[in-house]
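I opened this notebook to record what I looked up in the structure below. The entries follow the order in which I consulted the model.

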Amino acid sequence: MRVAIVAARWNPEITDALAAGALETARGAGAVVDTFTVAGSFELPAAVALLADTGRYDAIVPLGCLIRGETPHFDVLSQTVARGLLSLSLAYPVAIPFGVLTCDTLAQARSRAGGRKGNKGAQAMEAALELVALRAQIVSQRRSSRRASTAASRSTS
């Protein structure tokens, strides 16, 4: 299995911890991992699309951290990034989970980047690996069904 991790450099204390959790989980599953960085969470959908277009990856795990500020900027970014990643996850035959934290405070982000709430980067990778396994199961079932159908038609000929 080949996976890519794409982490935003904005809020590096958080995104580095998310990436470390995702990397550890992927390696624990025996995956080959390539890592990439982009400026911020807004750039994640574009990077995911570029990587998906290569056809090299079974999963692409975008990781970012958006923390609410004093302006509506947080709302615009979080909704835009979520919609962009959702669209890509439906358009490409690649597992693309949502690994972007959308927190009210830095303390909440820290809690989700290896703190009390676990590591959401590791959890995003787990979700991606589950989707890859599901895809493999479906492909295997299709092949088995086709073989059975072909064998049945040969025996009736």
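**Entry 1: the surface patch**

I began with Leu131, which is found in helix α5 (residues 120-156). Helices (H or I, at least four residues) and strands (E, at least two) are DSSP runs, numbered from the N terminus. I worked from a predicted model, in which local features need pLDDT of at least 70, side-chain atom pairs count only at pLDDT 80 or more, and totals for chains, interfaces and linings use all residues. Residues are numbered from 1 along each chain as its sequence is written, and side-chain values use heavy atoms, with hydrogens and water left out.

I noted that Leu131 counts as partly exposed because its relative accessibility is 38%; buried means under 20% relative accessible area, exposed over 50%, and partly exposed in between (1.4 Å probe, protein chains only). Leu131, Leu134 and Ile138 make a nonpolar surface patch of about 230 Å². Patches are made of residues with over 30% relative accessible area and no salt bridge, like charges being joined within 9 Å and nonpolar side chains (Val, Leu, Ile, Met, Phe, Trp, Tyr) within 5 Å. Accessible areas come from the Shrake-Rupley method with a 1.4 Å probe, and for residues only the protein chains shown count as cover.

**Entry 2: salt bridges**

How many salt bridges does the structure hold? I found four, a salt bridge being a side-chain nitrogen of Lys or Arg within 4 Å of a carboxyl oxygen of Asp or Glu.

One of them joins Glu13 to Arg110, with the closest N and O atoms 2.6 Å apart. This pair links distant parts of the chain, since Glu13 is in helix α1 (residues 12-28) and Arg110 in helix α4 (residues 106-112), 97 residues apart. Glu13 is partly exposed, with a relative accessible area of 47%, and Arg110 is partly exposed at 42%.

I then turned to Arg68, which is linked with Asp75 and Asp104 in a network of salt bridges. The side chains of Arg68 and Asp75 meet at 3.1 Å, N to O. For Arg68 and Asp104, the closest N and O atoms are 2.8 Å apart. Asp104 lies in the loop between β4 (99-103) and α4, and Arg68 in the loop between β3 (59-67) and α3 (73-91), so this pair ties together parts that are 36 residues apart in sequence. I recorded Arg68 as partly exposed at 39% relative accessibility, Asp75 as partly exposed at 30% and Asp104 as partly exposed at 42%.

**Entry 3: nonpolar cores**

Which residues touch the most other members of the largest nonpolar core? Of its 24 residues, I listed Val3, Ile5, Ile14, Leu63, Leu101 and Met125. A nonpolar core is a set of buried Ala, Val, Leu, Ile, Met, Phe, Trp, Tyr and Cys residues joined through side-chain atoms within 4.5 Å. At least two residues of this core are supplied by each of β1 (2-8), α1, β3, β4 and α5. A second, separate core has 20 residues, among them Leu44, Val48, Leu66 and Leu85.

**Entry 4: helix α2**

I next examined Ala49, which lies in helix α2 (residues 44-54) and counts as buried because its relative accessibility is 17%. Beyond its neighbours within four places in sequence, Ala49 is in contact with Leu88 and Tyr92. Ala49 and Tyr92 are 43 residues apart in sequence and 8.5 Å apart in space, C-alpha to C-alpha.

The buried residues of α2 include Leu44, Pro45, Ala47 and Leu51, and what covers the buried residues of this helix includes β1, β2, β3, α3 and β4. Just after α2, I noted that Gly55 takes a positive phi of about 75°.

**Entry 5: the aromatic pair**

I found one aromatic pair. Rings of Phe, Tyr and Trp (its six-membered ring) pair if their centres lie within 6.5 Å; planes under 30 degrees apart count as stacked, over 60 as edge-to-face and the rest as tilted. Phe36 and Tyr57 are edge-to-face, at 6.5 Å centre to centre and 85° between the planes. Phe36 lies in strand β2 (residues 32-38) and Tyr57 in the loop between α2 and β3, so the pair ties together parts that are 21 residues apart in sequence. I recorded Phe36 as partly exposed at 31% relative accessibility, and Tyr57 as buried at 5%.

Methods
Contact means heavy atoms within 4.5 Å.
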